[in-house]
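Me: I have a protein model open and would like to learn how to read it. Could you walk me through some features?

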Amino acid sequence: MTPRVDRFLFLLLLISISVNPNECRKSQRPRPASRFSEPTEPQPTQDAQFDWQLIKYMLRQDSRNVAFSTFSAKFLLNMLYEGTSIYSATQQELNEPLKRSPDIHETPKCVTIMNTLTKNAEQFLVSSRVFADSMVAVSQKYATILDMQYNASIDNVSFQEPEIAANTINSWVSNSTRGMIPKMVRAQNIRDSVLLLLNAIYFKGLWVNVFLPSATSIQPFRTASGQTVQVPFMKQIQDHYYADSKELNAQLVRLPYADGRFSMIVVLPNVNSNLNELLNALTSESINEAIRSMDETEVNLQLPRFQIDYDCSLKSGLQQLGINRIFQDNAELGLIFRGGPVPAKVSDVLQKTVIVVDEKGSTASSASGSSLVFTIASEPELFIVNRPFMFFIEEESTGAVVFAGKVENPAQ
């Protein structure tokens, strides 16, 4: 068989997040040693720098609400790395951002972190799969590496029948995200593909401190354009880790999830700043310094409900960070296919993320909820999220940023 040229590898990252404030368990506030109980915080790693550079770039590129996963992108790039020709320019370009070396044979860091993330399948579910064109043969070595290290299986489809292939892929996507993302690919987008690498993440967060539905009220939210929209605000007065960062000119509050491993950190620019100025000041060092400065205090938190359904391409962001060769005609991906390299390149890195932060779900009992009364003599810190803000979700024992995003208008 003579392989066709101009065939593409698609990297698709499919993410669904369900964060239901009204669902909680009665439990003590978790205090993860790696983030808030140790006297000092470790310095940011190169991985963190890659994460925050990509987050900063992606949040600047779109004026809409944004949500995406740098971790999922790195996981998929590691899967691709296993197929690069050894010591090739393509492999060398990926060594630095992925912290890989062909001379060091060890489990990739992202795989170790993923094994930590997926300890509770009800909360965090990850599925990876490769769809290969039936006209090409994936090498047994590559298939074994994906199976053993990434828990990723390989399915054959005919991209010459794109409608059938798209239905097969979208069915897997829907099952892997428990129906939150029913469709990811279209027939016209995969017609010339030779290989699709997919990573789907489903995350469902259960707050430690419930937001009582009876406390929710309609309040104004002022967008960056100056428009005022009326949206539901969830409210609670509760002890939270909190900081007012001078370097970021922003407030931060940490909202832990019930199992003690994940938390959402909301970053709100101060009234004399805005989201663009926050992004200008945002670095891995500045955000980690702000996290290190967080102290537990009583916070009067008023947070809008929001939902984000976001599609994006990470291609330009990855190129901005120096990952270019995988997108070029001379990409060296010679270890993927049996019988020698098939002329192929990555056409795009696409991601779809769905995140819901609202009060749907089971009803929490009043005994485990927070109440809207002061519990200490002094007035609590006021944290009213009535203007554009940033958020991210991290796994606290590793410090891995799993998701990040911004809300420009919660009514959208």
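Reply: Gladly! Let's begin with a term: a crossing of two helices is left-handed if the near helix is turned anticlockwise from the far one by less than a right angle. In this model, which is a predicted one, helices H3 and H4 cross in the left-handed sense.

Me: What numbers describe how two helices pack?
Reply: In general, a packed pair is described by the angle between the two axes and the distance between them. Here, H3 (residues 70-81) and H4 (residues 89-98) pack at about 145°, and their axes are 11 Å apart.

Me: Which residues of H3 and H4 meet?
Reply: From H3 come Lys74, Leu77, Asn78 and Tyr81, and from H4 come Gln91, Leu94, Asn95 and Leu98. Sorted by class, this contact has four nonpolar, three polar and one charged residues.

Me: Which residues of H4 are buried?
Reply: Thr90, Gln91, Leu94, Asn95, Pro97 and Leu98 are the buried residues of H4.

Me: How does H3 pack with H6?
Reply: H3 and H6 (residues 140-150) pack at an angle of about 145°, with axes 10 Å apart. Phe75, Asn78, Met79 and Leu80 of H3 meet Tyr142, Leu146 and Tyr150 of H6. The classes in this contact are six nonpolar, one polar and no charged residues.

Me: Why does tyrosine 87 count as partly exposed?
Reply: The partly exposed class lies between the buried cut-off, under 20% relative accessible area, and the exposed one, over 50%. Tyrosine 87 counts as partly exposed because its relative accessibility is 48%.

Me: Where is glutamate 289, and is it buried or partly exposed?
Reply: Glutamate 289 is in helix H10 (residues 284-292). With 38% relative accessibility, glutamate 289 counts as partly exposed.

Me: How many residues does the largest nonpolar core have?
Reply: It has 105 residues, and those with the most contacts inside it are Phe124, Phe389, Met390 and Phe392. At least three residues of this core come from each of domain 1 (48-205 + 308-356) and domain 2 (213-305 + 359-407). A second, separate core has 17 residues, including Val157, Ala166, Val354 and Val356.

Me: What is phenylalanine 389 in contact with?
Reply: Setting aside neighbours within four places in sequence, the contacts of phenylalanine 389 include Phe221, Val266, Val267, Leu268 and Pro269. Leu303, Pro304, Phe306, Lys406 and Val407 are also among them.

Me: Can we finish with the whole chain?
Reply: Of course! The protein chain has eleven helices and 15 strands. Buried residues make up 58% of its 412 residues. Among contacts between residues at least 6 apart in sequence, 80% join residues at least 24 apart.

Technical notes:
Residues are numbered from 1 along each chain as its sequence is written. This is a predicted model: local features need pLDDT of at least 70, side-chain atom pairs count only at pLDDT 80 or more; totals for chains, interfaces and linings use all residues. Side-chain values use heavy atoms; hydrogens and water are left out. Axes are lines fitted to C-alpha atoms, for helices over the stretch in contact, and angles run from 0 to 180 degrees between N-to-C directions. Helices (H or I, at least four residues) and strands (E, at least two) are DSSP runs, numbered from the N terminus. Contact means heavy atoms within 4.5 Å. Ala, Val, Leu, Ile, Met, Phe, Trp, Tyr, Cys and Pro count as nonpolar, Asp, Glu, Lys and Arg as charged, and the others, Gly among them, as polar. Buried means under 20% relative accessible area, exposed over 50%, partly exposed in between (1.4 Å probe, protein chains only). A nonpolar core is a set of buried Ala, Val, Leu, Ile, Met, Phe, Trp, Tyr and Cys residues joined through side-chain atoms within 4.5 Å. Domain bounds come from an automatic or database domain assignment.
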